Amino acid sequence: MIGMMTLKSYCYRLLRNPRSILSKIYGVWCREGLSGLKQRILDARRPWNKQNDRIKRKITFYPTISVVSAVYNKQREISYFIKSLQRQSYKGKFEIIFIDDCSSDDTYKIIPRYAAEDKRINYLKTHANIGQCGARNMGIQQARGDILIIMDSDHVVNKSFLKAHAERHLNCI
């Protein structure tokens with residue numbers, strides 16, 4: 001209860017009915033100890049608390065997300081990266097754009113195989129090695145999403161990565 005109140009209303013209630021507030025403070029002290037009481041007081045001083053922040057983050061609009069990744073000689077890691085993006089819990093639409101910067105290993109064989117199975121994966125290949133920045137810029141030009149995420153191809157992301165990313169973007173608007 002204390003964590004939900006602002007400090008001003010907490011002080012006003014304490015002056016108006018000190019016995020009930022003190023009994024609530026004592027109850028928190030008995031259940032959670034000094035650290036729990038301290039956290040509740042700190043939460044009361046903030047203009048928002050964690051519970052309200054979670055409620056605010058519920059998504060009702062699912063923007064399209066474009067994930068752009070420049071790839072160069074990532075034969076060993078690319079399968080893990082693709083599989084981690086394919087198993088996302090995000091309910092909206094998303095696309096994955098790979099730009100192969102003239103890899104000399106079998107990367108150019110692996111990505112098209114996944115792209116044939118999954119329509120969300122787009123595969124582009126440069127004619128010459130233009131570097132990571134040039135390859136990313138090429139992918140950014142092809143992106144059609146509302147949100148753009150630029151990633152390295154050796155990452156493995158958790159199941160809620162795109163969902164959490166979209167929530168943070170929507171809270172900034």
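Start by selecting α4 and α5: you'll see that α4 passes α5 in a right-handed crossing. Keep in mind as you go that this is a predicted model.

**Stop 1: the helix pair**

Colour residues 78–86 for α4 and residues 107–117 for α5. Two packed helices are described by the angle between their axes and the distance between the axes. Here the axes come within 10 Å and cross at roughly 20°. Angles under 35 degrees count as roughly parallel, so α4 is roughly parallel to α5.

Now show side chains. Which residues of α4 meet α5? Pick I78, S79, I82, K83 and Q86 on the α4 side, and I110, I111 and Y114 on the α5 side. Sorted by class, this contact of α4 with α5 has five nonpolar residues, two polar ones and one charged one.

**Stop 2: the sheet**

Next, switch to the strands. What is the order of the strands in the open sheet? Reading across, you get β3-β2-β1-β4, four strands with parallel pairing. Find β3 (121–125) and β4 (147–152) at the edges. Each of these two has a single partner strand, so one side of each has no neighbour in the sheet. Neighbouring strands are turned by 20° against each other on average, direction ignored.

Zoom in on strand β1, residues 65–71, and its partner β4. The two run parallel and are joined by six bridges. Click V67 in this area and look across: I149 in β4 stands opposite.

Bring α5 back into view. This helix lies across β1, β2 (94–100) and β3, and runs at about 150° to β3.

**Stop 3: a salt bridge**

How many salt bridges does a search of the whole structure find? The count is seven. For one to look at, select E95 and R144, whose side chains meet in a salt bridge at 3.2 Å, N to O. E95 sits in strand β2, while R144 sits in the loop between α6 (131–142) and β4, so the pair ties together parts that are 49 residues apart in sequence.

**Stop 4: F61**

Last, select F61, in the loop between α3 (50–56) and β1. What does F61 touch, leaving out residues up to four places away in sequence? The answer is D146 and L170.

Methods. Residues numbered from 1 in each chain as written. Predicted model: local features only at pLDDT ≥ 70, side-chain atom pairs only at ≥ 80, totals over all residues. Heavy atoms only, no water. Axes fitted to C-alpha atoms, helices over the stretch in contact; angles between N-to-C directions. Parallel < 35°, antiparallel > 145°, perpendicular 65-115°, else oblique. Left-handed = near helix turned anticlockwise from the far one by under 90°. Contact = heavy atoms within 4.5 Å. Nonpolar A, V, L, I, M, F, W, Y, C, P; charged D, E, K, R; others polar. Pairing = 2+ DSSP bridges. Salt bridge = Lys/Arg side-chain N within 4 Å of Asp/Glu carboxyl O.
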